[in-house]
Amino acid sequence: MTKIDVLLGLQWGDEGKGKIVDVLTPDYDVIARFQGGPNAGHTLEFNGTKHVLHIIPSGIFHDDKINLIGNGVLIEPNIFRQEIEALAEKGVDATRNLYISKKAHLILPSHRMMDAANEQAKGNSRIGSTLKGIGPAYTDKIARSGLRVGDIMADDFSERYHLLKVQHLQMAQTLRFDVDSFRIDGMTLDQYEELWMHSLDTLRRFRFVNSEYFINQCLRDDKKVLAEGAQAMMLDIDFGTYPFVTSSSTITAGVCTGLGVAPSSVGRVMGITKAYCTRVGAGPFPTELFDQTGRTLCEQGHEFGATTGRPRRCGWIDLPALRYACMINGVTDLFVTKPDVMNNFPQINMCTAYEIEGQRTDEIPFEYNTVPITPVLTSFEGWQCSLEGTTSYDQLPVQLRHYLATIEQQTGVSIRAVSISPDRKDVIFKQ
Ligand code: GDP
Ligand code: IMO
Ligand code: MG
């Protein structure tokens, strides 16, 4: 029996998970998403083309590999259909190798409306949600009123759909949300609903499975399985910067509930971090830069959301947060992405501790959102050269290797590979 390996983000998302999963896929038989939904935007680049995936696992471009959407994931049928069609235009027929858990929950158009209504009600303390309906759909899951993929085959699906929609409309009214003016992609709720219903036909063309049996059988058959995380540690519902988080378990433990595997079946845990740090949406970010350096990171790193197009907030790498992420997730291997973005920096800073009310600490405090946090910074000399053409770890500039060695020493986890461009071919494994 093999163990399931896990790959997840250690910061606030967009660390390059899609790219690294794509690079690792040749080593695996099955790639499985375990949580999140269309709030994710995972970018892959190869042969000069860029692809962005939201719900579909990042192994989809390798047609001899099975891709699985687990029970912990949320599916928005219309976004799903659009992804399937975009893949088809690129010659990828996902019906061949994409399996879907019958227990994955559905995002209804009215969940998306409720996302907007909740954000509006929060006013200045809004989360900065991607407005894909994530919070409301997971709320209904926990409240035991959600609809699942398997339900679309049931005779009473339509009835249950309308009951839930009516509940949402009532809630919107309570929040004084203007339903008539609400639009999704320029469409009214009713127009979007029509498209959504039509998109269920696309969903029905796929293999619906009892994915917990499926995945455990794969492990018993000694197949290699990789669980692909979405969002990231610091957006986790329990351990992230609550309430500025997403509504799922983004951590290693989420693999067990999101796919139905036992904790003892978890193997390696690969954590991804950028060589700096970004965050999109609201919430605390102690190392955020508001100066030209921050703007340079944003411009050089093309730091704009793959799902919403919003500019990402940028700052220095945050070691207290990274150590916390390694602890909570049991990270065994680190992947560092995007050091190339800082190629021209004469000096690079790393936050190694926080100073809170005059006290130095290594811990993420409960009061993360409310108390002023001063990052304690250590400076490193930049490498000030291009990394293009580097093929081995030893060829990386000595300044960068020193920076990476400090990350290893500070987290106690070894780096397995460094990514130096968006392209699939530019990942340098440390021997
Ligand atoms: P994900 O959500 O974790 O899959 O990450 P995103 O796709 O949202 O954001 C990562 C962005 O960085 C994408 O635009 C990638 O193409 C890009 N990227 C990934 N790795 C590297 C790298 O090593 N260097 C550079 N410059 N860009 C990278
Ligand atoms: P990937 O998988 C970055 C952020 C949103 C918002 C908060 C809650 O591409 O790394 P939600 O829509 O989940 O209710 O939004 O979480 N967020 C992400 N930030 N990358 C993501 O996914 C994200 N998914 C959600 O910006 O602050
Ligand atoms: Mg992303």
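Modeller: Let us begin with the magnesium ion (ligand 3), which is coordinated by Asp14 (OD) and Gly41 (O) at 2.0 to 2.2 Å. This is a predicted model, in which local features need pLDDT of at least 70 and side-chain atom pairs count only at pLDDT 80 or more, while totals for chains, interfaces and linings use all residues. Residues are numbered from 1 along each chain as its sequence is written, ligands are numbered from 1 in the order in which they are written, and side-chain values use heavy atoms, without hydrogens and water.

Biologist: What makes Asp14 and Gly41 donors to the magnesium ion?

Modeller: Donors are N, O and S atoms within 2.8 Å of the metal (3.2 Å for Na, K and Ca). The atoms of Asp14 and Gly41 lie at 2.0 to 2.2 Å, so they qualify. Water is not among the atoms, so the site may look incomplete.

Biologist: Why is Gly41 called buried?

Modeller: Buried means under 20% relative accessible area, exposed over 50%, and partly exposed in between (1.4 Å probe, protein chains only). Gly41 has 10%, and is therefore buried.

Biologist: How do you know that Thr130 makes a polar contact with ligand 2?

Modeller: Such a contact is a pair of N or O atoms within 3.5 Å. A polar side-chain atom of Thr130 lies 2.6 Å from an oxygen atom of ligand 2, so the pair counts. For Ser129, the side-chain distance to an oxygen atom of ligand 2 is 3.3 Å, and for a polar backbone atom of Gly41 the distance is 2.9 Å.

Key. A polar contact is a pair of N or O atoms within 3.5 Å; within protein, one must be able to donate a hydrogen and the other to accept it, and residues adjacent in sequence count only if both atoms are side-chain atoms.
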